[in-house]
Amino acid sequence: MSLDKAQLDELLAKNPLGSELTLAEVKENFEFLEDWEDRYGYIIELGRKSPAIPEVARTEDNQIFGCQSQVWYLATRDEQSDILRVLIDSDAHIVKGLAAIVMLATNEQKAKQVADADLHAVFDELGLLNHLSPTRGNGLRAMIGTIQTIARS
């Protein structure tokens, strides 16, 4: 069993990351947090703002491989407007928070813009890549790669 188009559209429309909350706001908030413990807490809070992907959609077809944790995604691209709608979920709080930042940079954006963007630069700007374990960094790159592949298709 999986989600039908109406269920998928409704779920993706509920994602506030990239529509109600923007990457610019997160970057601004990040500057006010002085230590990494507070920053990690904020990243986890961002992950909690994202809707969960229902169990029926947590399939191998929707899984992002290369992550230490389990990570799933749902995405659509509107052919007329070229707008990408993205939802990424994980069974690990910090990974779901990192996924939230990926969504902030990609959700509700033009697919061409996402395909051409240097999304790694977003994480460099926040200083995150220097504070992630190698396996989390690989997982982050896998998330970015998956979403950019969808944007290019």
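From the N terminus on, the elements of the predicted model run α-α-α-β-β-α-β-α-α-α, giving seven helices and three strands; helices (H or I, at least four residues) and strands (E, at least two) are DSSP runs, numbered from the N terminus. The radius of gyration, taken over C-alpha atoms, is 14 Å, close to the 15 Å that the globule rule gives for 153 residues, so the protein is as compact as a globular protein of that length. That rule is 2.2 Å times the number of residues to the power 0.38. Along the principal axes, the C-alpha atoms fill a box of roughly 45 × 30 × 25 Å. Buried residues (under 20% relative accessible area, 1.4 Å probe, protein chains only) make up 48% of the 153 residues.

Residues are numbered from 1 along each chain as its sequence is written. In this predicted model, local features need pLDDT of at least 70, side-chain atom pairs count only at pLDDT 80 or more, and totals for chains, interfaces and linings use all residues, while side-chain values use heavy atoms, with hydrogens and water left out.

The axes of helix H4 (residues 93–106) and helix H6 (residues 119–126) come within 10 Å and cross at roughly 125°. Axes are lines fitted to C-alpha atoms, for helices over the stretch in contact, and angles run from 0 to 180 degrees between N-to-C directions. The contact (heavy atoms within 4.5 Å) is made by Leu98, Ile101, Val102, Ala105 and Thr106 of H4 and by Leu119, Val122, Phe123 and Leu126 of H6.

Terms used
Buried means under 20% relative accessible area, exposed over 50%, partly exposed in between (1.4 Å probe, protein chains only).
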